[in-house]
Amino acid sequence: MQTVLQKAKRIVFVIYLIALHAVVVYFLVERGVHHFTSVVPLDESAVSGPAENAPIPTPIAVPETFGDSTDANVNTNGNLNPPSGPANVMSSGFIIPVAGVRPDQLIDTFSASRSEGRYHDAIDIPAAAGTPVVAATDGEIVKFFDSERGGITIYQLTADRRFALYYGHLQRRAAEISVGMQVRKGTTIGFVGDTGNAGAGNFHLHFSIAIITDPKHFTSGTYINPFPILKNGTSPF
């Protein structure tokens, strides 16, 4: 009888030890899980508000005014006729090929240096994205070209075919124009953008004038400075 009682005591003691170890293991595991999964409350004062949609910085100074109430120099009637009496059309000669830009807002960047020892050979005309780009003079649209440097571009010849005009970094071309089309001064041909190597957010028109030295290769020639021509409303003729 006593032997059976002793065996029962041993069994109860073993069960007690097992239960005790189980409790110890449970608390150790629970503390470990809490340590790795607990979330520390965040101080609300340290949380900033929603991020603002700040505009992309533009390295080049942007004119304050890109147009006026009369839609100066903009193709307002939806076709390829130039507007009547635009504000920035001079008495004769070329007009500034970006709608709403005044002569005093132009910057002479013709001789500015570029990568690989190149010169700019053009001027940059800053404006807001989507500002209409217009034909600087009468002539023919002779080429559309998309390139790594120039982005979306348009080539135009003057009416006498002596000069090639180049419009670069366009956002897009006007839907109404096509290669071979004759356009008049002031016709909307495209829109200001930042394509090519202009730099994201650096919206401007790259505009050049070249004397054509070989009629069969109008994309190459001798560049002349557009700045005084556009600023004074004259022509290279």
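Mentor: A residue is called buried when its relative accessible area is under 20%, exposed when that area is over 50%, and partly exposed in between, with a 1.4 Å probe and protein chains only. The model is predicted, and local features need pLDDT of at least 70, side-chain atom pairs count only at pLDDT 80 or more, and totals for chains, interfaces and linings use all residues. Residues are numbered from 1 along each chain as its sequence is written, and side-chain values use heavy atoms, with hydrogens and water left out.

Trainee: Why does I107 count as partly exposed?

Mentor: The relative accessibility of I107 is 36%, and because the partly exposed class lies between the limits of under 20% for buried and over 50% for exposed, I107 counts as partly exposed.

Trainee: Where is the place of I107, and with which residues is I107 in contact, leaving aside its neighbours within four places in sequence?

Mentor: I107 has its place in the loop between helix 1 (2-37) and strand 1, where helices (H or I, at least four residues) and strands (E, at least two) are DSSP runs numbered from the N terminus. Contact means heavy atoms within 4.5 Å, and on that criterion I107 is in contact with I123, D124 and F227 once neighbours within four places in sequence are left aside. For I107 and I123, which are 16 residues apart along the chain, the C-alpha atoms are separated by 7.2 Å.

Trainee: Why is T137 called buried?

Mentor: T137 has a relative accessible area of 9%, and because buried requires a value under 20%, T137 is buried. T137 is found in the loop between strand 2 (132-134) and strand 3 (139-147), and, not counting residues up to four places away in sequence, T137 touches residues including F94, Q156 and V183.

Trainee: What makes strand 7 (residues 188-192) largely enclosed by the rest of the structure?

Mentor: Five of the five residues of strand 7 are buried, so strand 7 is largely enclosed by the rest of the structure.

Trainee: How do you know that strand 2 and strand 7 run antiparallel and are joined by bridges?

Mentor: Two strands pair if DSSP finds at least two bridges between them, and three bridges join strand 2 to strand 7, which run antiparallel. Within that pairing V133 stands opposite G190 in strand 7. Three bridges also join strand 5 to strand 7, again antiparallel, and the bridge partner of R173 in strand 7 is G190.
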